Amino acid sequence: MSTGGTMEGLSLATLVDEHLGIAREQESGRSSVTIHGGREHHLRQTLIALVEGRALGEHDSPGEATLQVLRGRVRVQAGDESWEGAAGDYLLIPASRHDLTALDDAGVLLTVTNRLAD
C-alpha cells in the first residue's frame, strides 16, 4: 500500500474490520495484508486478522520482529513460554519457533525488518 515519496495515512481499525470479515469467510479463519514494505524496503508491516480460536501454526522467527495487538486478545507460545496480549499491547517476537493464537476475534500488526542483500 505504501508508495514511497508522499505522506499517506490509513485507518488500522478499518483494515482490521475488513480483514476480520474476510477471515470469517475463509476456512483458515485468517486474513492478512502487507501495509508497508517488500523487497525494496528494510521494514515490512503486515496486518493479520484471526477469528477466535484460530492460529497461524508454529513457525520460525522471521528475524527481528514486533507484534502490536490492535483488537481482541492473542497468545504467543514459544516452547514452554507464553504471552497473552490485548488491544494496545506490544511484544518483541521471540527468536525461537512460536505460534500465534486468537483468544478473541483479533487483529495484530506484525513489523519485521528485512535484511537487504548488499
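A contact is counted when heavy atoms lie within 4.5 Å. By this criterion, among contacts in the protein chain between residues at least 6 apart in sequence, 64% join residues at least 24 apart. The structure is a predicted model, in which local features need pLDDT of at least 70 and side-chain atom pairs count only at pLDDT 80 or more, while totals for chains, interfaces and linings use all residues. Residues are numbered from 1 along each chain as its sequence is written, and side-chain values use heavy atoms, with hydrogens and water left out.

**Whole chain**

Begin with the complete protein chain in a cartoon view. It has 1 helix and 8 strands; these are DSSP runs numbered from the N terminus, helices being H or I of at least four residues and strands E of at least two. The order along the sequence is α-β-β-β-β-β-β-β-β. The radius of gyration, taken over C-alpha atoms, is compared with a globule rule of 2.2 Å times the number of residues to the power 0.38. The chain has a value of 14 Å, close to the 13 Å that the rule gives for 118 residues, and is therefore as compact as a globular protein of that length. Along its principal axes, the C-alpha trace spans about 40 × 30 × 25 Å.

Next, select residues 73-78, which form strand β4, together with β5 (81-86) and β7 (99-102). These belong to an open sheet of 3 strands in the order β5-β4-β7, with antiparallel pairing; two strands pair if DSSP finds at least two bridges between them. Because β5 and β7 each have a single partner strand, one side of each is left without a neighbour in the sheet. Strands β4 and β5 pair over 6 bridges, and V74 stands opposite G85 in β5.

**The nonpolar cores**

Now display side chains. A nonpolar core is a set of buried Ala, Val, Leu, Ile, Met, Phe, Trp, Tyr and Cys residues joined through side-chain atoms within 4.5 Å, where buried means under 20% relative accessible area with a 1.4 Å probe, protein chains only. In the largest core, of 15 residues, L67, V74, I93, L100, V108 and L110 touch the most other members. Strands β2 (43-50), β3 (65-71), β4, β7 and β8 (106-113) each supply at least two residues of this core, and β8 gives the most, with 4.

Centre the view on L110. Not counting residues up to four places away in sequence, L110 touches R44, Q45, T46, I48, A65, T66, L67 and I93. Finally, select L20, V33, I35 and L109, which are among the 8 residues of another core, lying apart from the largest one.

How values were computed:
Buried means under 20% relative accessible area, exposed over 50%, partly exposed in between (1.4 Å probe, protein chains only).
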